[in-house]
Amino acid sequence: MQKKKAIMIGAGLANMAAAVYLIQEGHWQGKDITFYSLDDHGSNDGAPTETVTDEYWNKNHPMDNQKGYLARGGRMLNYRTYVDLMDLLDRIPSVTEPGMTAAEDTRDFDSKHPTFDKARLMEGGKGIIDGGHLGLDTKSRMRLTKLIMMPDSEEEKLDNVTIAEYFADSTAFFESNFWFMWETTFAFRTKSSAQELRRYMHQMIYEFTQIEHLVGVNRTRYNQYESIMLPLIQYLKQQGCQIVLNRRVVDWTFKDTPMQDEITVTGLHMIHTDTEEEEYVPVDQDTAVIFTNGSITDSATLGDFDTPAAENMDYGAASGLWKKATERFYNLGNPDKFFADRDASEWVSFTLTTKNHLLLNEITRITTQEPGNALNSFVSTTPITPLNQKDVTMSIVVHHQPHFTTQKPNETVIWGYFLYPRRRGEFVDKPYIEMTGKEMLEELLGQLAKVDPGPVNIREKAEAIMDSVINNIPVYMPYASALFNNRAKSDRPTVIPAHSTNLAFTGEFVEQPYQMIFTEQSAVRSGEIAAFHFAGIPMSKLVKNPRYDKDLKTLAKAAKKLFQ
């Protein structure tokens, strides 16, 4: 149903994309679009801790005595698949490279710094592992082939099936180089949805031939906030959009109808997080409500060099509001599938800032590659998984430096994460979730020492490296992998639910044909669909998505790699 104005609940990538398409394709005025949100970046953050401008963030995570940089996560791009994202970034100017669009900026940087990871996997006592040998047994190959060949029409056979259940008769799969690389590239876990794994296999099938080097991975010039979100924010503000921050929308009012299945939002209840004052925003019949119904960084908490990140048991701002809607209507999914099982969704990340390049140079020596190419995983030699198999202990990403525009020439920023935060450290005898920033660095140095092939081991420089640290900030994210949680297709609402007159859902917790979640691609696509719907633009004009799973050459190359 065509509208004239829009209220955006959430100011992340999906809703900002919707606003751009409403302005450029729907020819709306920016002044008719208003955002209500806790922050202006969603999960695409990144900032020096002393100059964070997000008041909500500062209020809930005091950082008066902290220094260094923070990014709760990192984003990999892929031009071949992320066609909607690149279309969006081609519509807005870069904020760091004059005369370029944000897409041209990214392509220019990536062409000068192509990814080629020579140390994709490293294992104690063995050093760099040859990831080109996928290490799959016959049963694993057959199960993967069946997943790849499964047509879209049969996808519902994987409703409520975990990856562990799907590979129950070929558990050697979980000790293959392929699984180690796949889980750390995309953050899948054994409890994750096999249905979602299938979608990745279809949309990223060409990664079979290059996963050991990540040749297909593209990256932005700087962190995702400065290279993706800030260009969007500045563009939308220049267009007259209103971005109202420090607002948590906590409830809805809906139109009462005889059948009780028409979904028409008539008002929003929200709380000003600074003053705790309650506000009510009426929604008239000319206004669309576009809602990002879940966030992987909701309820995230920070620690510091001497303090672990505490657990926040909040169900989540976006998911809590989603749940309120499902209590009224039957066809809006099941948020508990994603936000009521932390054991399947939580992880811990850290952002390490040093005042010199000593650690960076040591990692360069150990991995034999320059910064900007490394996405390294450390493989444990101890069986610690529920399946009694060895698994990846931790992963680090060594960005091209500088990763922030304000970073000094002598400073290094490194990001890493523990996919299973309840597991215990090998060099610090406590669960990762309980570690301080210092202890996480000690665990990292211990793991690097295990794989260090040099005659002078990195452990001999550990004290100097510790002295170089400005800060190491742990982040606990209870819902970081929630979007992969085991579920059925009906557990996520569609972008435009049946019987909705003015409510759309966007982001990583909506059901879209073929799209794989945990990507800027799916986020942008959902916002694009919502914008086209409310602007009255035919869906046939959406950006065309390639289907590599239908390309015979791509499938042949993947098959050859699979059976090597």
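Me: Which helices and strands each supply at least two residues of the lining of the largest pocket?
Reply: In this predicted model, the helices are H1 (13-24), H2 (55-60), H10 and H16 (520-535), and the strands are S8 and S11; each of these supplies at least two lining residues.

Me: What is the volume of the largest pocket, and which residues are the closest to its centre?
Reply: The volume of the largest pocket is about 860 Å³. Its lining comprises 47 residues, and Asp39, Gly42, Ser295, Thr297 and Asp298 are the closest to its centre.

Me: How do the residues of this pocket lining divide into nonpolar, polar and charged?
Reply: The lining of the largest pocket has 19 nonpolar, 19 polar and nine charged residues. Glycine counts as polar in this scheme, so Gly42, one of the residues closest to the pocket centre, belongs to the polar class.

Me: How many aromatic pairs does the structure hold?
Reply: The structure holds 33 aromatic pairs.

Me: Why is the pair of tryptophan 252 and phenylalanine 291 called edge-to-face?
Reply: Two rings pair if their centres lie within 6.5 Å, and planes over 60 degrees apart count as edge-to-face. The centres of these two rings are 5.3 Å apart and their planes stand at 80°, so the pair is edge-to-face.

Me: Why is this pair said to tie together parts that are apart in sequence?
Reply: Tryptophan 252 belongs to strand S8 (residues 247-254) and phenylalanine 291 to strand S11 (residues 287-292), so the pair ties together parts that are 39 residues apart in sequence. Tryptophan 252 and phenylalanine 291 are both buried.

Me: What makes the pair of phenylalanine 254 and phenylalanine 329 edge-to-face?
Reply: The ring centres of phenylalanine 254 and phenylalanine 329 are 4.8 Å apart, with the planes at 85°, so this pair too is edge-to-face. Phenylalanine 254 is in strand S8, whereas phenylalanine 329 is in the loop between helix H10 (317-326) and helix H11 (336-339), 75 residues apart. Both phenylalanine 254 and phenylalanine 329 are buried.

Me: Which residues do ring pairs link into a cluster?
Reply: The cluster consists of Tyr166, Phe167, Phe173, Phe174, Phe178, Trp179, Trp182, Phe186, Phe188, Tyr200, Phe484 and Phe518, linked by ring pairs.

Me: What lies over the face of tyrosine 166?
Reply: Arginine 143 lies over that face, at 3.9 Å from the ring centre. The distance limit for such a charge is 6 Å from the ring centre. A second case is arginine 107, whose charged end sits over the ring of tyrosine 79, 5.6 Å from its centre.

Me: What makes helix H7 mostly covered?
Reply: In helix H7 (residues 177-186), ten of the ten residues are buried.

Me: What does H7 give to the lining of the largest cavity?
Reply: H7 gives the most to that lining, with three residues. H7 and strand S16 (412-418) each supply at least two. The lining has 33 residues in total, and Gly74, Arg75, Met76, Thr185 and Phe518 lie nearest the cavity centre. By class, 19 of the lining residues are nonpolar, nine polar and five charged.

Me: Why is serine 299 called buried?
Reply: Its relative accessible area is 11%. The cut-off for buried is under 20%, so serine 299 at 11% is buried. This serine is in the loop between S11 and strand S12 (301-302), and its side chain reaches the backbone oxygen of aspartate 314 at 2.8 Å. The limit for a polar contact is 3.5 Å.

Me: Where is asparagine 246 found, and is the residue buried or exposed?
Reply: Asparagine 246 is found in the loop between strand S7 (242-244) and S8. At 7% relative accessibility asparagine 246 counts as buried. Its phi is positive, near 60°, and serine 299 also has a positive phi, near 65°; each is a residue other than glycine.

Me: What is the omega of the peptide bond from glutamine 401 to proline 402?
Reply: Omega is near 0°, and this bond is cis. Proline 402 is in the loop between strand S15 (392-398) and S16.

Methods: Residues numbered from 1 in each chain as written. Predicted model: local features only at pLDDT ≥ 70, side-chain atom pairs only at ≥ 80, totals over all residues. Heavy atoms only, no water. Phe/Tyr/Trp six-rings, centres within 6.5 Å; stacked < 30°, edge-to-face > 60°. Helix = DSSP H or I, 4+ residues; strand = E, 2+ residues; numbered from the N terminus. Buried < 20%, exposed > 50% of the residue type's maximum accessible area, 1.4 Å probe, protein only. Lys NZ or Arg CZ within 6 Å of the ring centre and 35° of its normal. 1 Å grid on protein atoms, 1.4 Å probe; cavity = no way out; pocket = protein on both sides within 12 Å on 5 of 7 lines; lining within 4 Å. Points joined across faces, edges and corners; volume = space filled by probe spheres on them. Polar contact = N/O pair within 3.5 Å; in protein donor to acceptor, adjacent residues only side chain to side chain.
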